[in-house]
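Subject: Structure for your review

Dear colleague,

Please find below the sequence and the structure that I am handing over to you.

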Amino acid sequence: MTARYAVFGQPIAHSLSPYIHTAFARQEGIAMEYEAIEASAAEFPAVLEAFAANGGMGANVTAPLKEVAFALCRTFTSRAKLAGSVNTLLRKGDSWHGDTTDGVGLVRDLTERHLLDLRGRRVLLLGAGGSARSVAPALLDAGILELMVVNRTSERADELVDAIGEPGRAKTRRWEDLHELGDFELIVNATSAGRDPTANFVLPMSLVNSMTTAVDLNYGEAAIAFLAWARAMNCRNRVDGLGMLVEQAASSFQQWHEVRPETDPVYAELRARHVLAGAE
């Protein structure tokens, strides 16, 4: 029986993950099936169990299921434990092992594809949800100087920074205080605010300096509002989440098949198609 893999989320029909993993499998000569399966948070435990019973060996998980998936894992990596969510599931015996590859995917995209040196940089992280929790530890591991987490609900930002446990490097401030924070070499949007295509993303000009790179963890239409602000502010670099998506997928693929595929051809093909999807 051909091993089955899937991405779960809601909505999920627009997902690029089936294309990406099929391209990886073709590249490596691996026979596999990979599909997109829609499930609500309430439905997900039963749907995932049925998937495993029918040959499911691994899965990706996207919104709004990452925290639910974490609760369904018997074992998980230390970075998944810190994030409190998973985006990668690997079947081990009769249980699931969980990992989060978003953070390493983001760092690999920024440092290897965009050739950015993150060491010693001040970083502003907008948002404190599952995506922010996944990328924050990886940014710190990459050698940044300071991580400032700002969220509209300040309690969630505090929870994230408390979980990281590096008070000298990871700090929080209130959203209303953005104009007081100084400037940053990297600004990462991990909020869902830009998913409204009519949204007008407004942040203080004082956050930007001559070296600022603006990164949206979304891609396509969902990244338009934030990247339009970054363009208006003359940010040196503007990066959407497409590269992170491909790189985190490669890390998932490597865990399942013990080989890391080449990501550049897949990324180039998706970029050439002017992808306008708005989520994983």
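Predicted model: local features only at pLDDT ≥ 70, side-chain atom pairs only at ≥ 80, totals over all residues.

The protein contains ten helices and twelve strands. Its C-alpha trace spans about 60 × 40 × 35 Å along the principal axes. For 280 residues, a compact globule would have a radius of gyration near 19 Å, and the value of 18 Å for this protein agrees with that.

I begin with the sheet whose strands follow the order β2-β1-β3-β5-β6-β4. This is an open sheet of six strands with mixed pairing. Its edge strands are β2 (33-38) and β4 (75-76), each of which pairs on one side only. Strand β1 (residues 4-9) runs parallel to β2, and six bridges join the two. One point to locate in the model is Gly-9, whose bridge partner in β2 is Glu-38. Helix α1 (residues 17-28) packs on this sheet, where it touches β1, β2 and β3 (56-61), and its direction makes about 170 degrees with that of β2. Helix α2 (residues 44-53) lies across β1, β2, β3, β5 (88-92) and β6 (95-99), and runs at about 170 degrees to β1.

The other sheet to examine has the order β9-β8-β7-β10-β11-β12. It is an open sheet of six strands with parallel pairing. Strands β9 (170-174) and β12 (237-239) stand at the edges with a single partner strand each, so one side of each has no neighbour in the sheet. From one strand to the next, the twist averages 20 degrees. Strand β11 (residues 208-216) and β12 run parallel and are joined by three bridges; Thr-213 stands opposite Asn-237 in β12. Helix α8 (residues 224-232) packs on the sheet and touches β7, β10, β11 and β12, with its direction at about 165 degrees to that of β11. Helix α6 lies across β7 (122-126), β8 (146-151), β9 and β10 (184-189), and runs at about 175 degrees to β7.

I turn now to helices that pack on one another. Two packed helices are described by the angle between their axes and the distance between the axes.

Which residues of α5 and α6 make the contact between these helices? Helix α5 (residues 102-113) packs against α6 at an angle of about 50 degrees, with the axes 7 Å apart. This angle makes α5 oblique to α6, and the crossing is right-handed. The contact is made by Asp-102, Gly-103, Val-104, Leu-106 and Val-107 of α5 together with Ser-134, Val-135, Ala-138 and Leu-139 of α6. These residues divide into six nonpolar, two polar and one charged.

Helix α6 also meets α7. The axes of α6 (residues 130-141) and α7 (residues 154-164) come within 11 Å and cross at roughly 40 degrees, which makes α6 oblique to α7. This crossing, too, is right-handed. On the α6 side, Ala-132, Arg-133, Ala-136 and Leu-140 take part, and they meet Glu-159, Leu-160, Ala-163 and Ile-164 in α7. The residues of this contact divide into six nonpolar, no polar and two charged.

With kind regards

Methods
Residues numbered from 1 in each chain as written. Heavy atoms only, no water. Axes fitted to C-alpha atoms, helices over the stretch in contact; angles between N-to-C directions. Helix = DSSP H or I, 4+ residues; strand = E, 2+ residues; numbered from the N terminus. Parallel < 35°, antiparallel > 145°, perpendicular 65-115°, else oblique. Left-handed = near helix turned anticlockwise from the far one by under 90°. Contact = heavy atoms within 4.5 Å. Nonpolar A, V, L, I, M, F, W, Y, C, P; charged D, E, K, R; others polar. Pairing = 2+ DSSP bridges. Rg over C-alpha atoms; globule rule 2.2 N^0.38 Å.
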